[in-house]
Amino acid sequence: MTDYTTVIGLEVHVQLSTHSKLFSPAPSGALGEPNTRVHAIDLGLPGVLPRPNAAAIELAVRAALALDGDVQTVSRFARKNYFYPDLPKGYQISQFEEPVCRGGSVPLGDGRSCRLTRVHIEEDAGKLTHGDIGTLVDLNRAGMPLVEIVGEPDLRTPADAHAFLHNLREILRYAGVSDCDMELGSMRCDANISLMPVGSTRFGTKVELKNLNSLKMVQRALEYEERRQAAILAAGGRIAAETRGWNDEAGESRPQRSKESAPDYRYFPDPDLPPLVIAPAMIDRQREALGELPQHRRARYRTDFQLPEHDILVLTQERAVGDWFEALVAAGIEPKTASNWTMSEVLPAQRQRTTPLAEFPVSPQQLCELVQLQGRGALTQVSARKVFQHLLVHGGAAEAAMHELGLLRIVDRDVLQPLVDAAIAALPEAAVAVRAGKERAMDAIKGNVMRATQGRADPAIVDALLRAALGIGSAPPA
Amino acid sequence: MTDLHQLSATALARLVRSGEVRARDVVRSFLDRIDRLDPDYHAFLDHRGGRALADADAVDTARARGADLGPLAGVPIAWKDNLVLRGEVTSAGSRMLDGFRSPYTATCLQRLTAAGAILLGRTNMDEFGMGSSTENSAYGPTRNPWRPDCVPGGSSGGSAAAVAAALCPLALGSDTGGSVRQPAALCGVVGLKPSYGRVSRFGLIAYASSLDCVGALARSVEDLALWLRVAAGVDDADPTSVAAPLPGLEPDHRDDLRGVRIGVPWELNGPGLEDEVAASTQAAIDALRGLGAEIVECSLPRVAYAVPTYYLIAMAEAASNLARYDGVRYGARSSGARRCEEMTTVSRSRGFGVETQLRILLGTFGLSIGYQQEYYGKATRVRELLRADFRQVFGQCDLLLSPTSPVAAFPLGSRVDDPLAMYLCDALTVPASLAGLPALSQPCGFTTDGRPIGLQWMAPPLREDLLLQVAHVFERQTDHHQRRALS
């Protein structure tokens, strides 16, 4: 592999999160029973005309802005002509010579970025299922709104490709453009890959890889293809310009179609659709709707909150997580405390749920009240977690829940003293060890007290009582 | 009730509204006439019979109730077989759509019924609008009511013949390169092709999308104005429809054309015309001068390229528009194929007629890699130059005048083997199509053997008002439109 430089360029299709299709009022979204989400327009019935969906155009513009592309105020829809049973009109409405966006880039996360050639709008095709009784056509997906994002061949490793897709997905999710779910097909990727001798500037013959249904598959398929091409070149062979399909189970790609047999799509401007004119005011609205992108948010978290890098990555993985975290900070919680609560309590609880984080049952205000109770010393860390779990299920105010659960911190020495004595009696070996100087053995005895109080005992008081009882000095300063 | 069938749509609407005539009697009289006479002409592919009568009854009931009647209440209207009507067969004159029933209705038909019109029946046409004689219909040709051995023109030949034979007062057609105007001329009726985008194309089975216009045929200019008021307007379902206001179409009953500048482009008024067509046109020009109009000699330098430009664009768009007829979802599917691709190939080879296949092949060629710039690309550039010619000439005059067709109705079968001769029938009508202009054909005379001759008016975009006003004056001051093919 050391003898060759790998050159990779990706073409990514992303399904726009609209309520209806690109050119028909049929509902989009989750696919239902076959052929239940199909309008006369999607069927390509005689006499129908496409009706552009303004919401889809807006999301495409937003995607272009999110990717730092140059939105074209005038673009055109074009027909891509070919016959296939999943293509009702015998042509796909796409954009060819005049796309809605030129240029743009996707950050690779290490300071580098990959340039984009263009972003254009197009409609999806239906789906075929080949079976024993013949070929079944489902047109639910036909006419779904897509943007195709065409990357420049700036990527040099399969890991670059992974980073490109990961960051692209994050940006588009942030922008609310798409859910970008590769497994469900709302984000699909074709990869072009070629090898050239190190130091060369002339790209080698490229191979197009298809059927890449996850980020991992993209990386695995590219790694395989890199090895395959290197082996052929090392043996003095030539790379065939072809399209290959990735078979993940077999861990290999197989030839699908040679470039010579590629059809002539006879692109021409769609005469049913006037030029797509995008008003500056619409671009401004989409720029506003775009909000903060992940890379900008990360920079702000570093400077404004001084959070550890790990926290920043977790909090910015999705816009909603950061929004939740910031709501906690806005409610008055210190940033690192807010980050801890978000990462260790809110996110694990959210993972058990199917509704969006914005509908999380405990509000930032409730959680703030809880954190303040803890801060005032009314709750121990363990008790605070119990109150949180209670609020998750029952709702209500943190203080009321604390009293209802009887979780007020125990600071009364008269209450704690007998518990400390009992714990020492229950763990004589630990007590011996502590007296012999092994302070860490105190943890077992403390744990016994905590268990006896369901975690409500004030740890500092327990520590003091224990030291007094065992006759050792006070704890060294932390 | 005598001779209801000879009345204009305007007159029938007035009689129904006033209660002097029941809509049922109007519709009944036309249905009877179709049943009696149409076997000789084959203008209709079918009629709605009892369903049309039921619609007429609804109009009569509404009137009895005192409800507001629409401007076309009770007027029976025929429509070309490429406009879809929910639940009814629409075949576009093709085997490919034999028996196809649409689940939705074309906007232009919806507007008619909303105005109270009674949809009478479906008229014959060249397959997918591809032809100038209606001989390319998969359901057999239509005959010209003036001369049954001659063609009615096309592709809206069924609608033109139906109006000429007084089988209906008004019929819808579609005009891509002259398909309303040329049959109107050959059948001695008035035909209007509005500006591109003026009438919604939603539900019009596409031939060439950048050229297709829904138009209408009638026996008077006034009836076409009545129709256009109902049909025109922007439609959310057609992104190419225009929202421009429709200037007043009320006939102003002026008797002269003083102050009107009529341009006569020499390229459309000389070469290739039959003698009698040229003579009738000259007589019309003289009559117009006599009415006070200023006749302006002018030129459209690029119009010589209009026919090849038109056919390159129309065929390219047609090849794409007709790709949907693949036998997968609806329409004819030939049996016996083992693979999807074969099924599509066989279905298309059997479903489409010869002329349609010819145009699909030529259109596909004109868009292919290596040829697109040479053919389709060049044609779109010439189209822009032609538009510029028109803009320039409309600086010198208000309207343009030419014959509609270089020839009068020709015998059936006389041109079917010569596509080029057939294409040249459109030489005078395709320029307005390419430029998206409104244009109208009206009777201006007859050959000595009694075949009608048509005069074509062209106006600047969206100036249907000019067309209709001037044509109305010409009609009132001449008697050509009063002759009838049949009593």
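## Close-ups of a two-chain predicted model

**View 1. A strand pair in chain A.** A:Arg79 sits opposite A:Ile93 of E5(A). This is a predicted model, where local features need pLDDT of at least 70, side-chain atom pairs count only at pLDDT 80 or more, and totals for chains, interfaces and linings use all residues. Residue numbers start from 1 along each chain as its sequence is written, while chains are lettered from A and ligands numbered from 1 in the order in which they are written. E4(A) and E5(A) run antiparallel, with four bridges joining them; strands pair if DSSP finds at least two bridges between them. (Strands, E, at least two residues, and helices, H or I, at least four, are DSSP runs numbered from the N terminus.)

**View 2. Where chain A meets chain B.** The contact takes 27 residues from chain A and 36 residues from chain B (contact: C-beta atoms, placed from the backbone, within 7 Å). On the chain A side, helix H1 (40–43), strand E4 (78–81) and strand E10 (134–138) each supply at least two residues. That side of chain A splits into 16 nonpolar, five polar and six charged residues (Ala, Val, Leu, Ile, Met, Phe, Trp, Tyr, Cys and Pro are nonpolar; Asp, Glu, Lys and Arg charged; the others, Gly among them, polar).

**View 3. The largest nonpolar core.** Among its 233 residues, A:Ala60, A:Ala63, A:Ala191, B:Ile77 and B:Ala171 touch the most other members. Such a core is a set of buried Ala, Val, Leu, Ile, Met, Phe, Trp, Tyr and Cys residues joined through C-beta atoms within 7 Å; buried means 20 or more other C-beta atoms within 10 Å of a residue's own, with C-beta atoms placed from the backbone. Helix H9 (residues 306–321) of chain B gives the most to this core, 11 residues. Leaving out residues up to four places away in sequence, B:Ala171 touches several others, including B:Ile77, B:Trp79, B:Val163 and B:Leu217. Apart from this core lies another, of 26 residues, including A:Tyr301, A:Val371, A:Leu379 and A:Ala401.

**View 4. Chain B on its own.** Here the secondary structure comes to 15 helices and 11 strands. Of the 487 residues of chain B, 62% count as buried. The C-alpha trace of chain B spans about 65 × 55 × 45 Å along its principal axes.

Technical notes:
Two residues are in contact if their C-beta atoms, placed from the backbone, lie within 7 Å. A residue is buried if 20 or more other C-beta atoms lie within 10 Å of its own, exposed if 12 or fewer, and partly exposed in between; C-beta atoms are placed from the backbone.
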